[in-house]
Amino acid sequence: MTVLVLGGAGYIGSHMVDRLVDQQTDVAVVDNLVKGHRAAVRPEARFYEGDVRDKEFMRSVFKKENIDAVVHFAAFSIVPESMEKPLDYFDNNTAGLINVLEVMNEFDVKQIVFSSTAATYGTPESVPIKETDKQEPINPYGESKLMMEKIMHWSDLAYGIKFVALRYFNVAGAKADGSIGEDHGPETHLVPIVLQVANGQRDTLKIFGTDYDTPDGTNVRDYVHVVDLADAHILALKYLAEGNESNAFNLGSATGFSNRQILEAARKATGKEIPAEDAPRRPGDPDTLVADSSKARDILGWKPQYDDIEKIIATAWKWHSTHPNGYNDK
Ligand code: NAD
């Protein structure tokens with residue numbers, strides 16, 4: 001079986017490629033390296049540098065490779081940037097997917113596992129969020145991903161391209177040996193930002209809002225370890241290979257952690273003081289975002305191995321403390 005990983009040089013994609021290679025699966029990667037890192041990709045995977053929106057390039061990859069299934073991580077994903085440049089998001093994410101599906105259809109490849117996001121739900125009416133809850137995004141990033149889910153739905157009906165949409169909540173951590181990890185430019189995720197403070201690369205951690213309706217007043221979010229997330233994709237590939245119908249699953253740990261709890265866990269995991277200061281709320285941050293992931297557990301048989309936030313942060317610290325400048329390639 002050959003799996004084509006789109007965006008395989010990115011944070012989550014590189015961990016997916018790593019797990020697939022470890023399981024002896026044949027892997028090809030497409031990435032334009034706009035955000036990703038060549039050094040993050042295992043040498044066993046064949047690497048094609050190019051853009052998923054470039055149809056001739058994508059055709060050339062599908063001609064060379066005997067692809068059975070596609071895993072799609074290639075997207076822009078910074079919420080505030082999407083508010084300023086919505087068209088970039090609809091072009092790269094939504095139009096990019098149309099191109100991918102057209103080429104898949106031409107080459108009779110009928111299975112795709114797709115990175116969707118909790119941002120498709122917008123502001124939840126209740127938590128934990130279930131897959132059947134209403135999807136009303138409040139930013140162009142979430143909207144671009146919801147459109148992608150809908151495009152895949154209609155492509156399944158018309159062309160029989162089966163999909164699994166995996167709606168991630170917050171992803172954190174790194175491969176346990178610290179050889180690959182998170183290197184986003186700019187960094188917007190809480191865990192790497194806290195660890196940059198621990199590393200002395202930022203002066204202080206700002207905690208935005210301390211009067212939310214949560215036990216300690218700070219936002220509560222659901223964190224999944226990146227390797228557990230990659231394993232969910234492998235189960236989704238198996239689900240599609242077994243001939244099952246298209247489906248969508250939440251991937252979260254089901255346990256929420258507040259921003260203050262993340263700070264305390266990072267202080268323990270790193271042994272560093274990590275200065276922090278309270279700051280005003282940011283617009284658009286819901287009190288709590290926690291997933292109901294029971295569907296992925298029941299149907300895909302997903303069993304996340306990391307249930308302890310301190311352990312998740314410890315793996316991230318192994319990467320950040322040994323690679324303070326990430327892959328150092330930008
Ligand atoms: P990332 O930026 O590290 O990885 C995305 C990769 O795709 C990068 O290597 C980038 O160079 C590549 N890429 C982007 N546009 C491309 C294009 N047009 N053609 C070819 N390659 C392209 O991001 P990530 O954190 O690994 O996220 C991966 C996916 O997961 C994204 O689709 C994102 O929306 C989704 N997601 C991430 C999180 C999270 O917490 N990191 C949460 C929810 C959803």
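This is a predicted model: local features need pLDDT of at least 70, side-chain atom pairs count only at pLDDT 80 or more; totals for chains, interfaces and linings use all residues.
The centres of domain 1 and domain 2, taken over C-alpha atoms, are separated by 23 Å, where domain 1 covers 2-171 + 223-251 and domain 2 covers 174-222 + 254-322, with bounds that come from an automatic or database domain assignment. Residues are numbered from 1 along each chain as its sequence is written, and side-chain values use heavy atoms, with hydrogens and water left out.

Let me turn to the interface between the domains. Here 36 residues of domain 1 are in contact with 39 residues of domain 2, contact meaning heavy atoms within 4.5 Å. The size of an interface is often given as the accessible area lost when the parts come together. For domain 1 and domain 2 the buried area is about 3,200 Å², and carbon and sulfur atoms give 64% of that area; the term stands for the accessible area (1.4 Å probe) that two parts lose on being put together, summed over both.

As for polar links, there are 16 residue pairs in polar contact between domain 1 and domain 2, both residues at pLDDT 80 or more; a polar contact is a pair of N or O atoms within 3.5 Å, and within protein one must be able to donate a hydrogen and the other to accept it, with residues adjacent in sequence counting only if both atoms are side-chain atoms. The elements that give two or more residues to the side of domain 1 that touches domain 2 are α1 (11-22), β9 (220-225), α7 (226-241) and β10 (247-251), helices (H or I, at least four residues) and strands (E, at least two) being DSSP runs numbered from the N terminus. Of these, α7 gives the most, with 7 residues. By class, that side of domain 1 has 21 nonpolar, 9 polar and 6 charged residues, where Ala, Val, Leu, Ile, Met, Phe, Trp, Tyr, Cys and Pro count as nonpolar, Asp, Glu, Lys and Arg as charged, and the others, Gly among them, as polar.

Between domain 1 and domain 2 the count is 2 salt bridges, each defined as a side-chain nitrogen of Lys or Arg within 4 Å of a carboxyl oxygen of Asp or Glu. Asp292 and Lys130 form a salt bridge through their side chains, at 3.0 Å, N to O. By the salt-bridge rule the count comes to 25. Glu65 and Arg46 are joined in a salt bridge at 2.7 Å, N to O; Glu65 lies in the loop between α2 (55-64) and β4 (69-72) and Arg46 in strand β3 (residues 46-49), so this pair ties together parts that are 19 residues apart in sequence.

Now the ligand. It is surrounded by 30 residues, the closest being Ile12, Asp31, Asn92, Tyr141 and Lys145, and a residue is taken as near if one of its heavy atoms lies within 4 Å. A backbone N or O atom of Ile12 lies 2.8 Å from an oxygen atom of the ligand, and for Gly10 the corresponding distance is 3.1 Å.

Finally, the backbone. Val127 and Pro128 are joined by a cis peptide bond with omega about -5°.
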